[in-house]
Amino acid sequence: MVARGVPEEAVMAVVVAALDFTETSNWWRDINASPLWQDRTFHLLSVLYGIVAAIALVQLVRIQLRVPEYGWTTQKVFHFLNFFVNGVRCFVFVFRRDVQKLQPEIVQHILLDMPSLAFFTTYALLVLFWAEIYYQARAVSTDGLRPSFYTINAVVYVIQIALWLILWWKPVSLLVILSKMFFAGVSLFAALGFLLYGGRLFLMLQRFPVESKGRRKKLQEVGYVTTICFSCFLIRCVMMCFNAFDKAADLDVLDHPILNLIYYLLVEILPSSLVLFILRKLPPKRGITQYHPIR
């Protein structure tokens with residue numbers, strides 16, 4: 001019976017919308033519950049990570065062939081770490097179902113979370129490079145930047161390894177939540193680092209004379225990379241918070257393949273692909289002033 005004063009067309013529209021929503025929910029649940037679609041999704045992620053790893057490796061080889069006289073420069077280490085992170089992710093997703101069966105459970109956490117720590121180090125290195133350029137341009141000493149970079153990374157790794165060891169000794173859900181929230185904080189810290197030094201470098205380049213060679217291209221490069229990296233680490237931070245407290249947002253299980261696909265596309269695959277494309281330019285063979293080996 002249709003309520004008095006309510007048009008029948010409006011009621012039908014609500015019913016159709018409800019049915020469409022139910023069908024969409026069923027579709028999502030059917031894929032999540034299907035071992036076939038789980039494997040297809042994880043193998044797709046593996047292929048995508050493999051492609052990004054191959055691109056990073058090819059670029060690393062091109063840089064080495066272009067400037068073989070230099071050692072491990074910041075640019076080379078950045079591309080090597082990209083290759084490492086994406087290569088490990090590719091391997092993990094190829095054997096994702098087997099990884100889920102590993103015991104003790106802490107091994108699963110390490111295989112799934114260690115690439116995320118390496119991803120943080122990879123892009124923190126880019127923040128370091130920008131900070132060095134910014135302070136050198138302002139004639140400020142950069143002696144403390146690299147020690148700070150190493151110290152921050154060491155603290156992050158020590159805390160995360162300590163959490164893993166405690167979780168191995170006493171696997172309680174509170175420690176899992178604490179570990180995820182810790183990484184949410186690390187991701188927020190990285191996002192703010194890009195906002196701070198990417199923003200500073202962008203504003204400094206804007207003040208250069210218009211006729212400065214390469215100014216426009218460098219402005220675009222810094223602006224694009226800052227936006228991409230800030231967004232990806234901020235999304236990771238928010239998603240880690242949901243992951244910690246909401247079982248429906250759990251990324252460490254097999255029956256959330258679509259969520260895994262969306263998450264890893266947004267926070268690692270697309271950002272890495274775009275940044276590698278934007279920073280694809282090879283260094284000049286001679287006379288570069290800001291291309292220093294890592295000491």
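Guide: Helices (H or I, at least four residues) and strands (E, at least two) are DSSP runs, numbered from the N terminus. The model is a predicted one, in which local features need pLDDT of at least 70 and side-chain atom pairs count only at pLDDT 80 or more, while totals for chains, interfaces and linings use all residues. Residues are numbered from 1 along each chain as its sequence is written, and side-chain values use heavy atoms, with hydrogens and water left out.

Visitor: How many helices and how many strands does the secondary structure of the chain come to?
Guide: Read along the sequence, the chain follows the pattern α-α-α-α-α-α-α-α-α. The count is therefore, by the DSSP runs just defined, nine helices and zero strands.

Visitor: What percentage of the residues of the chain count as buried?
Guide: Buried means under 20% relative accessible area, exposed means over 50%, and partly exposed is in between, with a 1.4 Å probe and protein chains only. Of the 295 residues of the chain, the part that counts as buried is 43%.

Visitor: What share of the contacts in the chain with a separation of 6 or more comes from residues 24 or more positions apart?
Guide: Contact here means heavy atoms within 4.5 Å. Among the contacts with a separation of 6 or more, residues 24 or more positions apart account for 76%.

Visitor: Are helices H2 and H9 roughly parallel or roughly antiparallel to each other?
Guide: Axes are lines fitted to C-alpha atoms, for helices over the stretch in contact, and angles run from 0 to 180 degrees between N-to-C directions; those under 35 degrees count as roughly parallel, over 145 as roughly antiparallel, 65 to 115 as roughly perpendicular and the rest as oblique. Helix H2 (residues 35–66) and helix H9 (residues 257–278) pack with their axes 11 Å apart, at an angle of about 10°. H2 and H9 are therefore roughly parallel.

Visitor: How do the residues of the contact of H2 with H9 divide by type?
Guide: The residues making this contact include Phe42, Leu45 and Val52 of H2 and Leu261, Tyr264 and Glu268 of H9. Ala, Val, Leu, Ile, Met, Phe, Trp, Tyr, Cys and Pro count as nonpolar, Asp, Glu, Lys and Arg as charged, and the others, Gly among them, as polar. The division is 14 nonpolar, five polar and one charged.

Visitor: Which residues is Thr41 in contact with, leaving aside its neighbours within four places in sequence?
Guide: Thr41 has its place in helix H2, and it is buried because its relative accessible area is 6%. With neighbours within four places in sequence left aside, Thr41 is in contact with Pro257 and Leu261.

Visitor: Which side chain does the side chain of Thr74 make a polar contact with?
Guide: Thr74 lies in helix H3 (residues 74–94) and counts as buried, at 9% relative accessibility. A polar contact is a pair of N or O atoms within 3.5 Å; within protein, one must be able to donate a hydrogen and the other to accept it, and residues adjacent in sequence count only if both atoms are side-chain atoms. For the side chain of Thr74, the partner, at 3.3 Å, is the side chain of Arg146.

Visitor: Is Ala139, with its positive phi, buried or exposed?
Guide: Most residues other than glycine have a negative phi, and most peptide bonds are trans. Ala139, although not a glycine, has a positive phi of about 60°, and it is found in the loop between H5 and helix H6 (145–169). With a relative accessible area of 73%, Ala139 is exposed.

Visitor: Which peptide bond is cis, with omega near -5°?
Guide: The place to look is the loop between helix H4 (96–99) and helix H5 (105–137), where Pro104 lies. The cis bond is the one from Gln103 to Pro104.

Visitor: How far apart in sequence are the parts that the pair of Tyr135 and Tyr197 ties together?
Guide: Rings of Phe, Tyr and Trp (its six-membered ring) pair if their centres lie within 6.5 Å, and planes under 30 degrees apart count as stacked, over 60 as edge-to-face and the rest as tilted. The structure holds 17 aromatic pairs; in one of them Tyr135 and Tyr197 are edge-to-face, 6.0 Å centre to centre with 70° between the planes. Tyr135 lies in helix H5 and Tyr197 in helix H7 (residues 173–206), so the parts tied together are apart in sequence by 62 residues.
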